[in-house]
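Let's take a friendly walk through a structure and look at how charged side chains pair up. Keep the 3D view open while you read.

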Amino acid sequence: MDVQVYRVPMQRLIQGNGMPQESDHGVAIVGMGIVCSIGDNIVEFKESLKKGVSGITRLADRKGPKLSVDIGAEIKAFSFLDRLYRYSDIPETLLQKARHCAQRSPFAIQASVLSALEAWQDSGMVARENDPERLGVIVAGESTTQNYRYGLHAGFETDPEYLSPRYALQFLDTHQVGVLSEILTIKGEGFVVGGASASGNVGIIKAVQLIQAGIVDTCLVAGVVADLSPIELQGFVNVGAMVRGNEFQTPEQASRPFDEQHAGFVFGQASACVILQSCDVATERNATVRSTILGAAMNLDAVSTTAPSASGEARAMNEALRRGGVCASGVDYLNAHGSSSPLGDATEVEAIKQVFGDHVSKLRVNSTKGLTGHCLYSAGVVELIASVLQMEGEFIHPNKNLENPIDHKLRFSGARFEKARIALAMSNSFGFGGINSSIVFQNAC
Amino acid sequence: MEKENIFSVVKEAIADVLPDVDTEAVSIEQNLKSLGANSIDRTEIVMSSMEKLGIKLPLVSFGGVENIEEMVDILVDA
């Protein structure tokens, strides 16, 4: 497929003053790792995408009252140690460190450790002497310890004295920064970013900027699994965003992005990590570059509500294209935010039409949320990985449950796997509070 | 006898917090630091032991403790 890629000359090299070089060069994706409802690792996830496997089932039994929602795409049968020791190609010393740091940690941290190790191994950084001060880590997700805290509440009511001293560390989202940095010996910048459902993309955007600004060479971005407590699950139902599940015959039918019957998002769980690296360093160490991020942008609608805005979404997509130095007609594939929300889906369709114009008849569009549910904080990282896997495998995964599209101009992928070559892709994530984000990336090859 | 029982409860707590330690080989004269416990691990072992025994003592009571035996003695007296 011929793709016109227009590079805009935008060099801002600061030279001769001893400052790090700043540039608008692309940033390489050199490692990926995932633990989610449809795959315990990248290979399994790719197979599930190809086959259109859904991870949505009835929710596992939970403590507490009966909720208005009983479906979700949860990570099932989770055992940290069992999964850790499946990583047979990771050096024993690293596994020991991971075990020591995370064996007694909440589920959300353990899942991050597993996907981070897979990504680190994939990047080839494991087998290498790295300068720790040139490595960064960004943990994408906010309020990630809700279910852990909920689980402690009953005991705390009767015996607050017995609350584990570890709690004071573990309830902070930044604890993940500490754990991942200790395991992987990361000593550059590290912090947590929150962007509601766009958190994953916000993490990726900030990592791209850290690398482009010359602050670090390599940055791990960890999209944290949403371990929602019953309170958050009920809260999302009460605000009208989450589908209850009983509207459909089977749980699998409930997540239906861009379909006439869409009725809200389905709760999904995934821990997903990517390793981003400056192209210069990736080239120098002969790394396998899986994809290159050309442009990434986020903005706000200046609203505090759940309402989406087509103009804000279009602005994010246009800015990502501009920063990448590419034009809309060059994009082959869009991994939409597509959460299965009636208003959200319709708004995104409008924004896509604003950005792509007539090109919508050629642009392939799907939403991974039809398979994984909405993975909230990690969604942006999950969907970047899904997009890269589709580029590499030359396919487009099915749009599960898309039977009657809400729009007939857009070229949505169908109910079955399709062969397709993607040279240039975009991935969108939008969050409550008027947060819009978009990333543009190209096939490495 | 009481002291031995409490020592075995403390060893259970050590096993929970430090899964790599062979608690059969732990003697009462040892200190927790030498078993690889950091300050949070040590506090957690004390609190977990108290919880298993149904004892509530302020943490400062264990401030000057030098080894496992001194910790056990405080728990015996509680």
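Which residue forms a salt bridge with A:Glu74? The partner is A:Arg62, and the closest N and O atoms are 3.6 Å apart. A salt bridge here is a side-chain nitrogen of Lys or Arg within 4 Å of a carboxyl oxygen of Asp or Glu.

## Before we go on

This is a predicted model, in which local features need pLDDT of at least 70 and side-chain atom pairs count only at pLDDT 80 or more, while totals for chains, interfaces and linings use all residues. Residues are numbered from 1 along each chain as its sequence is written, chains are lettered from A and ligands numbered from 1 in the order in which they are written, and side-chain values use heavy atoms, with hydrogens and water left out.

## Salt bridges within chain A

Over all chains, the structure holds 26 salt bridges. Back to our opening pair: A:Glu74 sits in the loop between β3 (71-72) and α2 (80-84) of chain A, and A:Arg62 in the loop between β2 (57-58) and β3, so the pair ties together parts that are 12 residues apart in sequence. Helices (H or I, at least four residues) and strands (E, at least two) are DSSP runs, numbered from the N terminus.

A:Glu74 is buried, with a relative accessible area of 9%, whereas A:Arg62 is partly exposed at 26%. Buried means under 20% relative accessible area, exposed over 50%, and partly exposed in between (1.4 Å probe, protein chains only).

Another pair is A:Arg421 and A:Glu394, whose side chains meet at 3.7 Å, N to O. A:Glu394 is partly exposed, at 33% relative accessibility.

## Where chain A meets chain B

In this interface, 13 residues of chain A are in contact with 14 residues of chain B (contact means heavy atoms within 4.5 Å). The rule finds 6 salt bridges across the interface. On the side of chain A that touches chain B, the residues divide into 4 nonpolar, 4 polar and 5 charged; Asp, Glu, Lys and Arg count as charged, Ala, Val, Leu, Ile, Met, Phe, Trp, Tyr, Cys and Pro as nonpolar, and the others, Gly among them, as polar.

Salt bridges that share partners join A:Arg104, A:Arg166, B:Asp41 and B:Glu44 into one network.
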